Amino acid sequence: MIAGRHFTVLRKASVQWKMETHAQSQSKERTMRMVTTYAGTTLSCPCSLRRKSFVHIKNPYLDSMDEDVLYHLDLGTKTHNLPEMFGDVKFVCVGGSPNRMKAFALFMHKELRLADSEEDIKDICAGTDRYCMYKIGPVLSISHGMGIPSISIMLHELIKLLYHARCSDVTIIRIGTSGGIGIAPGSVVITDEAVDSFFKPRFEQVILDNIVTRSTELDKELAEELFNCSKEISTFPTLIGHTMCTYDFYEGQGRLDGALCSFSREKGLDYLKRAYNAGIRNIEMESTVFAAMCRLCGLKAAVVCVTLLNRLECDQINSPHDVLVEYQKRPQLLISKFIKQRLGLLDQTS
């Protein structure tokens with residue numbers, strides 16, 4: 001036990017490596033498949049032999065620090081063996097609600113058919129009430145709260161965690177809820193471009209007294225791979241479209257039902273129609289900063305959100321609770337299929 005802070009012990013996985021060759025595009029690529037045993041269950045994850053893709057940190061001061069305390073995650077480089085705890089992580093899934101991300105962790109435990117008990121799945125960030133984090137084999141499930149400020153704090157510390165743990169070839173996906181524009185409630189949107197309230201693919205970060213503009217480009221191949229996975233799910237519609245990220249749930253999204261409203265019904269509807277014509281299919285409050293930070297730090301990222309209503313028809317979410325619960329499971333089903341496909345488990349678990 002390392003003294004000083006709360007320390008979470010995770011079951012150590014045994015790792016083996018196997019060689020394989022597979023065709024990709026028009027050439028053959030040699031890959032190494034990491035065969036990892038978690039509590040008696042074997043998972044295999046393909047890793048390219050060309051070069052591992054590590055997380056990049058764009059901070060010249062970080063490596064000179066004697067200790068890095070990840071305060072909001074209740075972790076640190078001196079108090080925890082981060083490579084031992086997290087070095088095998090290949091998939092990171094983030095979402096706003098702590099309860100939803102715990103449910104996703106339990107769902108992935110079942111989908112991966114891990115032999116250990118669900119009772120062994122503990123909140124790694126139990127020493128703080130800011131975020132929750134669960135590790136299920138090579139999958140990390142983390143809550144990020146609501147809005148750009150909350151997710152950006154979590155992302156700073158998560159990215160540093162992946163860096164300190166020397167993780168490689170990590171895929172990160174935000175799964176969540178959103179308001180749809182011109183599409184049926186319950187539709188799942190895979191984001192091809194995260195845009196701001198002016199329909200521009202950018203994130204403007206205020207640093208000191210300057211505004212720094214960053215690209216919000218997401219990994220197009222990852223979006224296509226997710227969309228191809230969705231074709232095997234017939235129970236709900238999935239599409240690729242632009243996602244608009246706003247700083248506010250009410251006026252910022254053209255709602256008429258907030259405590260403040262400074263525009264007419266006609267102007268609000270016109271704004272949403274212009275958004276639809278610009279290719280925007282849903283609205284949420286995290287995607288631009290998520291895309292910008294992941295891109296700068298070398299993480300392949302995607303955003304997959306279900307829509308709870310059609311904003312061209314109404315402002316308030318009034319579907320029955322059981323319907324909303326089912327909607328929220330839809331991105332999880334898609335991401336589960338994607339992860340199992342990457343791990344070579346579809347034939348075993350479908």
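The sulfur of Cys 125 lies 7.5 Å from the closest cysteine sulfur, in Cys 132, which is too far for a bond. A search of the whole structure finds zero disulfides, a disulfide being a pair of cysteine sulfur atoms within 2.5 Å. This is a predicted model, in which local features need pLDDT of at least 70 and side-chain atom pairs count only at pLDDT 80 or more, while totals for chains, interfaces and linings use all residues. Residues are numbered from 1 along each chain as its sequence is written, and side-chain values use heavy atoms, with hydrogens and water left out.

**Cysteines**

- In general, a disulfide is a covalent bond between the sulfur atoms of two cysteines.
- Cys 125 is buried, with a relative accessible area of 0%; buried means under 20% relative accessible area, exposed means over 50%, and partly exposed covers the range in between (1.4 Å probe, protein chains only).
- For Cys 297, the closest cysteine sulfur is that of Cys 294 at 7.6 Å, again too far for a bond.
- Cys 297 counts as buried at 11% relative accessibility.

**Overall architecture**

- The chain has eight helices and 15 strands; helices (H or I, at least four residues) and strands (E, at least two) are DSSP runs, numbered from the N terminus.
- Of the 350 residues in the chain, 49% are buried.
- Among contacts in the chain with a separation of 6 or more, 73% are between residues 24 or more positions apart; contact means heavy atoms within 4.5 Å.
- The chain exposes about 17,200 Å², of which carbon and sulfur atoms supply 50%; accessible areas come from the Shrake-Rupley method with a 1.4 Å probe, and for residues only the protein chains shown count as cover.

**Nonpolar cores**

- The largest nonpolar core has 43 residues, and those with the most contacts inside it are Phe 86, Val 92, Met 133, Leu 158 and Ile 172; such a core is a set of buried Ala, Val, Leu, Ile, Met, Phe, Trp, Tyr and Cys residues joined through side-chain atoms within 4.5 Å.
- Two or more residues of this core come from each of helix 1, strand 6, strand 8 (139-143), helix 3 (148-164), helix 6 (287-296) and strand 15.
- Helix 3 gives the largest share of this core, eight residues.
- Met 133 touches Phe 86, Cys 125, Leu 140 and Leu 161, among others, not counting residues up to four places away in sequence.
- A second, separate core of 36 residues includes Tyr 134, Ala 223, Ala 302 and Leu 308.

**Helix 6**

- Helix 6 is mostly covered, with eight of its ten residues buried.
- The buried residues of helix 6 are Ser 287, Thr 288, Val 289, Phe 290, Ala 291, Ala 292, Met 293 and Cys 294.

**Salt bridges**

- Side chains of opposite charge can pair when their charged atoms come close.
- The count comes to 14 salt bridges, a salt bridge being a side-chain nitrogen of Lys or Arg within 4 Å of a carboxyl oxygen of Asp or Glu.
- Lys 135 and Asp 88 meet through their side chains in a salt bridge (3.1 Å, N to O).
- Lys 135 lies in strand 7 (residues 133-136) and Asp 88 in the loop between helix 1 (82-86) and strand 6 (91-95), so this pair ties together parts that are 47 residues apart in sequence.
- Both partners are buried: Lys 135 has a relative accessible area of 16%, and Asp 88 has 14%.
- A salt bridge also joins the side chains of Lys 340 and Glu 111 (2.7 Å, N to O).
- Lys 340 belongs to helix 7 and Glu 111 to helix 2 (residues 98-111), so the pair ties together parts that are 229 residues apart in sequence.
- Lys 340 is buried at 6% relative accessible area, and Glu 111 is buried at 18%.
- Arg 311 forms a salt bridge with Asp 315, their closest N and O atoms being 3.0 Å apart.
- Arg 311 is buried, with a relative accessible area of 2%, and Asp 315 also counts as buried, at 17%.
- Arg 174, Glu 284 and Glu 286 are linked in a network of salt bridges.

**Nonpolar surface patch**

- Phe 249, Tyr 250 and Ile 317 make a nonpolar surface patch of about 240 Å².
- Patches are made of residues with over 30% relative accessible area and no salt bridge, with like charges joined within 9 Å and nonpolar side chains (Val, Leu, Ile, Met, Phe, Trp, Tyr) within 5 Å.
- Ile 317 lies in the loop between strand 15 (300-310) and helix 7 (321-342).
- Ile 317 is partly exposed, with a relative accessible area of 37%.
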